[in-house]
Amino acid sequence: MIGFGWQALPRRVIITGIPAAVASASVLASVGCTSTSGPTGPTSPTSPTGATGPGPGLRFFSTHQAAVVEDATARIAPGPKDDPAEAGHPGAREAGVTGYIDSMLGALSVIERDGTGAASGTGAASGTGAATATNAATATNAATGATAGTGTPVPLIFAGGPWSNRHTSGPDFMASFIPLDPVRAIAWRERLAGWQEQYTSGIAALDKLAGGDFTTAAPADQDKILARSEMSTFLSLLFEHTIEGMYSVPEYGGNRGLVGWKDISYPGDSQPAGYTSEQVERSDGRDPVADTSIVADVLKLLGEL
């Protein structure tokens, strides 16, 4: 159950009411980055909030910050480890939402370090709960950032295309990310800087309200902290990113093992399904006019003009 002003409705009532296609499309259009952390969640925090530099295997968060986000997102989208009522239904931990958020916040690290493609974190397996790569190409992108044909590092913002390899053999084209032009790079740098500040201050506020460490608070107390009025802006951002991490295409780092899609019976991207010429011409069904003399009469009239 979640009760952050949503009348304690079961999480599934709220989340499954959001069309997965809309959530996925919004992510494809605006955000995305991939990490390959292992299937487990963060271990007990070993560094304080605000520690300098990312933790092992992380692009932006310290180990403690990742643990706080892991617990907070699990209160928004709890899984079976967080709520017995969710048995059989994955939550934020299972979908790798923390890794998705961390990779997004550190997406530009691949081009803002030393030009070698080395990310702020290694992207290797860690306790962030990020998505396991769908194939070797995705794993490489997650660890070092994608590379363009020139070998230049590419931030994991816009997935490529035209399709993945989920429904066809061959490479996962969506794992080949698209380079940013200078204008978009500037825009994304500003956007991510704003989100980074919100997460840094939001995590610090959660810890303060919990008496020093949000991750040591009981789940019920964590709910109360997240529901406080001063946390409303951060909670809104966290909710948005939790939904993205649950239901976006896995190339961006969330929806590990397609657990989000499977849970709501969403088939996901099905390209390259393809359509025959007949299906394209008759996409709305049989044309009731085509089998009458009207078309022939019109063509005959046009021929006489």
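Predicted model: local features only at pLDDT ≥ 70, side-chain atom pairs only at ≥ 80, totals over all residues.
## A buried glutamate and its partners

Glu70 makes a salt bridge with Arg93, and the closest N and O atoms are 3.9 Å apart. This pair ties together distant parts of the chain: Glu70 belongs to helix α3 and Arg93 to helix α4 (residues 92–95), 23 residues apart.

## Other salt bridges

A search through the whole structure turns up 7 salt bridges. One of them joins the side chains of Arg166 and Asp269, at 2.9 Å from N to O. Here too, distant parts of the chain are linked: Arg166 is in the loop between β2 and α8, Asp269 is in the loop between α11 and α12, and 103 residues separate them. Asp269 is buried at 12% relative accessible area, while Arg166 counts as partly exposed at 21%.

Glu230 and Arg228 also pair up through their side chains, at 3.0 Å from N to O. Glu230 is partly exposed at 46%, and so is Arg228 at 40%.

## How α3 meets α9

Helix α3 (residues 63–76) packs against helix α9 (residues 219–226) at an angle of about 85°, with the axes 10 Å apart. The two helices are therefore roughly perpendicular. On the α3 side, Asp71, Ala72 and Arg75 make the contacts; on the α9 side, Pro219, Gln222, Asp223 and Leu226 do.

## A nonpolar patch on the surface

Ile294, Val295, Val298, Leu299 and Leu302 form a nonpolar surface patch, with about 450 Å² of accessible area together. Val298 lies in helix α13 (residues 293–304) and is partly exposed, at 42% relative accessibility.

Key
Residues numbered from 1 in each chain as written. Heavy atoms only, no water. Patch = residues over 30% accessible without salt bridge, like charges linked within 9 Å, V, L, I, M, F, W, Y side chains within 5 Å. Areas by Shrake-Rupley, 256 points an atom, 1.4 Å probe, with all protein chains shown as cover. Salt bridge = Lys/Arg side-chain N within 4 Å of Asp/Glu carboxyl O. Helix = DSSP H or I, 4+ residues; strand = E, 2+ residues; numbered from the N terminus. Buried < 20%, exposed > 50% of the residue type's maximum accessible area, 1.4 Å probe, protein only. Axes fitted to C-alpha atoms, helices over the stretch in contact; angles between N-to-C directions. Parallel < 35°, antiparallel > 145°, perpendicular 65-115°, else oblique. Contact = heavy atoms within 4.5 Å.
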